[in-house]
Amino acid sequence: MPSVGAESAREDYSPGPAAGQPGSLEGTTVFRWDDPPDPDKYSVCVHCGLCLEACPTYQELGIENQSPRGRVYLIRAASEGRLPLDEALIDPVFRCLDCRACESVCPSGVQVGTLIEQARGQVFAARPARGWQGFVQRLFLQRIFPRPKRLRRLARIGRFYQRSGLARLARSTGVLNLFPSHLREMEAALPQIPATSSRELLPAQVPAQRQRRGRVALVTGCVMDVLFTDTNLATARVLARNGYEVRVPEGQVCCGALQVHAGDRETAKAMARQNIDAFLAEDVDAVIINAAGCGAAMKEYGELLRNDPAYREKAERFSRKVKDVAEFLAEVGFDPPKGRVEMTVTYHDACHLSHAQGVRQQPREILASIPGLRVVEMPDSDRCCGSAGIYNLTHPEIASPLLDRKMADVPEEAEAIVMGNPGCMMQIRAGVQRTGATRKVLHTVDILDAAYQAEEENR
Ligand code: SF4
Ligand code: SF4
């Protein structure tokens with residue numbers, strides 16, 4: 001394991017001349033756009049290094065600049081005008097998985113993820129991607145993901161590709177070999193795209209079953225909506241089964257997490273405002289989400305819109321209502337299912353559920369309540385699988401070994417790997433294919449719903 005100490009770290013940083021010395025950039029911070037990294041956040045780092053061994057990029061690369069402590073130091077140096085906005089800063093900031101594993105162990109409560117996202121916002125504004133790469137980036141971040149109908153159209157094209165024989169043709173003729181191996185792997189691991197999205201299938205209101213306990217709103221998401229339709233439907237059924245009327249607000253859009261991760265904070269803010277308006281218009285006890293990355297982003301809307309006087313208070317109010325579905329069910333008390341699911345499973349802690357939201361025990365409580373289900377813990381279950389939004393596409397050199405480690409940790413007897421995040425589900429599906437295994441990849445809610453369905457069938 002690499003062991004680079006604080007002193008060598010300082011040598012690695014090359015932060016430039018000290019303040020007041022000739023050549024110093026002091027007073028000319030390179031972070032000149034809205035929403036720069038917050039001094040209150042980076043100044044609390046005490047350089048203790050307790051975060052180093054928790055950081056997957058530090059473990060892979062063994063370089064201080066690719067550690068949480070190194071990144072916080074670089075961001076501070078750039079904020080204080082001691083470092084220019086060049087590759088020495090940009091690469092560590094974008095090579096971070098934003099997995100928040102460092103935050104789980106940091107004794108000072110440094111919000112490394114938020115600092116990284118704020119720094120990416122500065123890079124996005126200062127160095128917009130150009131050419132083909134810039135076109136694709138803007139197309140997806142600003143034109144497709146914020147518009148649910150366009151995303152559904154794209155999903156239909158994907159479904160046509162999968163079902164028309166084009167996918168088979170592309171594989172058999174070797175056309176796909178023109179693409180890098182990690183893209184081929186993801187293409188093969190993509191789930192069969194459903195004909196209809198969950199938003200098209202769900203009514204505006206799903207009535208509560210049995211004794212009514214309250215009313216919640218469901219976030220249908222973007223990837224969850226078009227790729228994991230069944231899980232969204234299962235989530236609505238499970239909530240209704242537990243006595244909650246489920247509202248599905250029409251005006252909601254994708255949460256904006258991908259935009260925040262890419263540094264496109266202005267697009268993310270516009271999407272956050274739209275979601276806040278759509279969900280606060282509903283009189284609900286909670287806003288329920290089943291995608292960890294999106295849940296974490298929505299719980300941080302208050303932070304994202306902290307400089308927006310018109311939305312700051314509303315954003316904080318909205319964020320307080322957001323609950324991961326497992327977190328909510330454990331909090332309000334769910335009806336233990338009586339139907340059996342005979343299976344041995346293991347649970348993977350999605351980073352944005354465990355590290356970012358602190359939701360670890362609740363999904364395990366749900367799994368433990370299911371008759372017939374045997375849960376075997378995997379070692380380091382909260383180590384990142386390498387998915388991290390689109391990190392597996394942009395940084396395969398880190399994501400691929402992380403996936404190998406994750407798959408090596410899966411207990412032999414596990415017939416399925418369970419988790420609460422669509423990005424992890426796609427990445428781990430690719431991992432299962434890579435190992436040649438036949439394991440299922442499931443969402444926690446899929447199994448709870450199956451147990452409730454089995455109970456109904458046995459009535
Ligand atoms: S980020 Fe936290 S754990 Fe890491 S060096 Fe700073 S204070 Fe220590
Ligand atoms: S968020 Fe993850 S990858 Fe980034 S510095 Fe923290 S532990 Fe490392």
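Which residues in α5 meet Ile116, Ala119, Arg120 and Val123 in α7? In this predicted model, the α5 residues are Ile90, Val93 and Phe94. Contact means heavy atoms within 4.5 Å. By class, this contact of α5 with α7 has six nonpolar, no polar and one charged residues. Ala, Val, Leu, Ile, Met, Phe, Trp, Tyr, Cys and Pro count as nonpolar; Asp, Glu, Lys and Arg count as charged; the others, Gly among them, count as polar.

The model is predicted, with pLDDT of at least 70 required for local features and 80 or more for side-chain atom pairs, while totals for chains, interfaces and linings use all residues. Residues are numbered from 1 along each chain as its sequence is written, chains are lettered from A and ligands numbered from 1 in the order in which they are written, and side-chain values use heavy atoms, without hydrogens and water.

The mean pLDDT of the chain is 91, on a scale of the predictor's confidence in each residue from 0 to 100. A value of 70 or more is reached by 94% of its residues. Over residues 1–25 the pLDDT is below 50. Beyond near neighbours in sequence, that stretch has 52 contacts in the model.

Helix α5 spans residues 87–95, and helix α7 spans residues 112–126. Helices (H or I, at least four residues) and strands (E, at least two) are DSSP runs, numbered from the N terminus. The two helices pack at an angle of about 130 degrees, with their axes 10 Å apart. Axes are lines fitted to C-alpha atoms, for helices over the stretch in contact, and angles run from 0 to 180 degrees between N-to-C directions. The angle makes α5 oblique to α7. Angles under 35 degrees count as roughly parallel, over 145 as roughly antiparallel, 65 to 115 as roughly perpendicular and the rest as oblique. The crossing of α5 past α7 is left-handed, meaning that the near helix is turned anticlockwise from the far one by less than a right angle.

Helix α5 also packs on α4. Their axes come within 10 Å and cross at roughly 135 degrees. The pair is therefore oblique. Here α4 passes α5 in a left-handed crossing. From α4, Arg71, Leu74, Ile75 and Ala78 meet Ala88, Leu89, Pro92, Val93 and Arg95 of α5. That contact has seven nonpolar, no polar and two charged residues.
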